[in-house]
Amino acid sequence: MTLLSVDRLTVADSAGHVLVDDVSFEVAAGDRTGLIGESGSGKSLTALAVLGLLPRGLTATGAVSLAGADMIRAPRGHGDVAAVVFQEPLTALDPLMTAGRQIAGPIRRFRGLRGDALRGAVREALDAVRLTDTDRIARSYPHQLSGGQRQRVAIAMAIACRPKLLIADEPTTALDVTVQAEILDLLDRIVTENDTALLFITHDLPVAARVVRDTHVLQSGRIVESGPITSLVTAPRHPYTRTLVESARRFDAALERTGRD
Ligand SMILES: Nc1ncnc2c1ncn2[C@@H]1O[C@H](COP(=O)(O)OP(=O)(O)OP(=O)(O)O)[C@@H](O)[C@H]1O
Ligand SMILES: [Mg+2]
């Protein structure tokens with residue numbers, strides 16, 4: 001079943017500069033799809049257009065259908081169909097609200113739970129993101145948590161409503177490498193356990209290769225290559241994809257050299 005269909009999406013600013021250019025792709029239930037591209041290639045704007053959350057001053061044309069809803073002409077919010085995790089967890093979190101209350105908000109709104117049932121669901125969400133000491137974390141404000149804990153709380157909020165599609169926009173870029181790996185494993189496990197579709201956005205090919213199956217490569221707002229990530233890595237066709245693969249290889253080789261020293 002097609003969950004998300006993006007058909008010839010174009011996003012332009014008020015001066016007519018085209019920022020996302022004729023982008024088409026689909027995500028079906030349970031898919032794991034990557035959007036890979038360098039900084040400024042239009043990844044986040046594509047995600048925001050999908051969610052009906054484009055900033056003021058930008059206009060989208062084309063068609064975006066999310067679980068049957070027209071996100072361009074009638075963006076009524078993405079409700080409980082899709083949820084998003086951003087690069088910087090602090091953007092998703094309210095600094096004045098405890099983690100527990102923030103996770104409770106969408107559960108109350110979309111699943112209608114109250115009282116003990118609500119508290120139970122919050123604890124379940126914190127367990128699902130493998131946070132230990134859940135009572136303390138639930139009572140903490142964002143500034144009292146580490147970066148990795150904050151991103152886990154943001155993921156708990158995103159998945160608490162059991163979305164069919166999880167959009168993760170550079171979810172590990174702001175974290176240090178060991179925490180990155182843990183969060184990637186966590187996302188991997190969560191989408192598998194809940195059969196959630198994943199749209200994973202990154203500039204980092206090796207990171208994408210850990211979690212996605214199929215991917216689209218964006219350059220200057222256009223999709224230049226699409227396919228299974230394994231074929232893209234082993235036999236990239238487009239010159240830009242080749243440079244992505246080569247720079248990942250060079251980085252790997254450098255790591256190996258330092259490992260031998
Ligand atoms: N609100 C805005 N108004 C005008 N231009 C914008 C706006 N937001 C983004 N852009 C421009 O649109 C282009 C694509 O931006 P986008 O945020 O989608 O890039 P990205 O691929 O997510 O990059 P990054 O990896 O750095 O997050 C960039 O050139 C950016 O400067
Ligand atoms: Mg971005």
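Helix H3 (residues 99-111) and helix H4 (residues 115-128) pack with their axes 9 Å apart and at an angle of about 120°, where axes are lines fitted to C-alpha atoms, for helices over the stretch in contact, and angles run from 0 to 180 degrees between N-to-C directions. The helices themselves are DSSP runs numbered from the N terminus (H or I, at least four residues). This is a predicted model, in which local features need pLDDT of at least 70 and side-chain atom pairs count only at pLDDT 80 or more, while totals for chains, interfaces and linings use all residues. Residues are numbered from 1 along each chain as its sequence is written, chains are lettered from A and ligands numbered from 1 in the order in which they are written, and side-chain values use heavy atoms, with hydrogens and water left out.

H3 and H4 are therefore oblique to each other, given that angles under 35 degrees count as roughly parallel, over 145 as roughly antiparallel, 65 to 115 as roughly perpendicular and the rest as oblique. On the H3 side the contact (heavy atoms within 4.5 Å) is made by Gly-100, Ile-103, Ala-104, Ile-107, Arg-108 and Arg-111, and on the H4 side by Leu-118, Ala-121, Val-122, Ala-125 and Leu-126. By class, these residues divide into 8 nonpolar, 1 polar and 2 charged, where Ala, Val, Leu, Ile, Met, Phe, Trp, Tyr, Cys and Pro count as nonpolar, Asp, Glu, Lys and Arg as charged, and the others, Gly among them, as polar.

H3 also packs against helix H6 (residues 147-159), at an angle of about 20° and with the axes 8 Å apart, which makes H3 roughly parallel to H6. Here Ala-99, Gln-102, Ile-103 and Pro-106 of H3 touch Val-153, Ala-156 and Met-157 of H6, a contact with 6 nonpolar, 1 polar and no charged residues.

Around ligand 1, with a heavy atom within 4 Å of it, are residues including Leu-19, Lys-43, Pro-55, Leu-58 and Glu-170. A backbone N or O atom of Gly-40 lies 2.8 Å from an oxygen atom of ligand 1, and for Leu-45 a backbone N or O atom lies 2.9 Å from an oxygen atom of the ligand. A polar backbone atom of Ser-41 is 3.2 Å from an oxygen atom of ligand 1.

Terms used
Helices (H or I, at least four residues) and strands (E, at least two) are DSSP runs, numbered from the N terminus. A polar contact is a pair of N or O atoms within 3.5 Å; within protein, one must be able to donate a hydrogen and the other to accept it, and residues adjacent in sequence count only if both atoms are side-chain atoms.
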